[in-house]
Amino acid sequence: MQTFRSPRVLIVEDETLVSMLIEDMVCDCGGQVVGPAATFEQAAALAAEEDLDLAILDVNMAGLAVYPVADILRHRGIPFIFVTGYDPSIVPAPYQHAPVLLKPFSYETFSETFDAAVAERVDALAIS
């Protein structure tokens, strides 16, 4: 019988209350929180250095776009989910493959998106 560890999930969110909500949801879904990163610099460092299975990225980090962090993750083969309070059309074309959760989102919507991303990651690791 093969066992899998809890997915390690980087949370990148500059709003403390939203970050805490996402942390709770990740834990409820069986994930292990990495971070959270409240600044762009923290996010980039954790994305580059930590053992991760998934990341949840706030699109706007105190006025800075999170896309360079997404590039680090994509280069490492780590999937990510964007979180934004803006229209999802703001996500540039190179990142359109990533799921987008619109603030405010429900637990059910988060759970479905999270589970799909984790399943995709498990499948990708099984193939490699």
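Reader: Where is Pro 104?

Author: Pro 104 sits in the loop between strand 7 and helix 4. Keep in mind that this is a predicted model.

Reader: Which kind of peptide bond joins Lys 103 and Pro 104, cis or trans?

Author: Cis. Omega is about -10° there.

Reader: What about the bond from Gly 35 to Pro 36?

Author: That peptide bond is cis too, with omega near 5°. Pro 36 belongs to strand 2, residues 32-37. As a rule, most peptide bonds are trans.

Reader: Where is Ala 62 found?

Author: In the loop between strand 4 (60-61) and strand 5 (64-65).

Reader: Is Ala 62 buried or exposed?

Author: Exposed. Its relative accessible area is 69%.

Reader: New topic, rings. How many aromatic pairs does the structure hold?

Author: Six. One of them joins Tyr 67 and Phe 82, edge-to-face. The centres are 5.6 Å apart, with 75° between the planes.

Reader: Which parts does that pair tie together?

Author: Tyr 67 lies in helix 3 (residues 67-76) and Phe 82 in strand 6 (residues 80-84), so the pair links parts that are 15 residues apart in sequence.

Reader: Are those two residues buried or exposed?

Author: Tyr 67 is buried, at 11% relative accessible area. Phe 82 is buried as well, at 0% relative accessibility.

Reader: How do the rings of Phe 82 and Tyr 95 pair?

Author: Their planes are at 85°, so that pair is edge-to-face. The ring centres are 6.2 Å apart. Phe 82 is in strand 6 and Tyr 95 in the loop between strand 6 and strand 7 (100-102), so this pair ties together parts 13 residues apart in sequence. Both Phe 82 and Tyr 95 are buried.

Reader: Which residues do ring pairs link into a cluster?

Author: Tyr 67, Phe 80, Phe 82 and Tyr 95.

Reader: Back to helix 3. Where does Leu 73 come in?

Author: Leu 73 is in helix 3. It counts as buried, at 0% relative accessibility.

Reader: What is Leu 73 in contact with, leaving aside its neighbours within four places in sequence?

Author: Ala 47, Leu 52, Ala 55, Leu 57, Ile 78 and Phe 80.

Reader: How far is Leu 73 from Ala 45?

Author: In space, 11 Å, C-alpha to C-alpha. In sequence, 28 residues.

Reader: Now pockets. What volume has the largest pocket?

Author: About 220 Å³. It is lined by 13 residues. Nearest its centre lie Ile 78, Pro 79, Phe 80, His 97 and Glu 120.

Reader: Which element gives the largest share of the lining of the largest pocket?

Author: Helix 4, residues 107-127, with four residues.

Reader: How do the residues of that lining divide?

Author: Eight are nonpolar, two polar and three charged.

Note on methods
Residues are numbered from 1 along each chain as its sequence is written. This is a predicted model: local features need pLDDT of at least 70, side-chain atom pairs count only at pLDDT 80 or more; totals for chains, interfaces and linings use all residues. Side-chain values use heavy atoms; hydrogens and water are left out. Rings of Phe, Tyr and Trp (its six-membered ring) pair if their centres lie within 6.5 Å; planes under 30 degrees apart count as stacked, over 60 as edge-to-face and the rest as tilted. Helices (H or I, at least four residues) and strands (E, at least two) are DSSP runs, numbered from the N terminus. Buried means under 20% relative accessible area, exposed over 50%, partly exposed in between (1.4 Å probe, protein chains only). On a 1 Å grid over the protein atoms alone, a cavity is a set of points where a 1.4 Å probe fits but cannot get out, and a pocket is an open set with protein on both sides within 12 Å along at least five of seven lines; lining residues have an atom within 4 Å of a point. Grid points are joined across faces, edges and corners, and a volume is the space filled by probe spheres set on the points. Ala, Val, Leu, Ile, Met, Phe, Trp, Tyr, Cys and Pro count as nonpolar, Asp, Glu, Lys and Arg as charged, and the others, Gly among them, as polar. Contact means heavy atoms within 4.5 Å.
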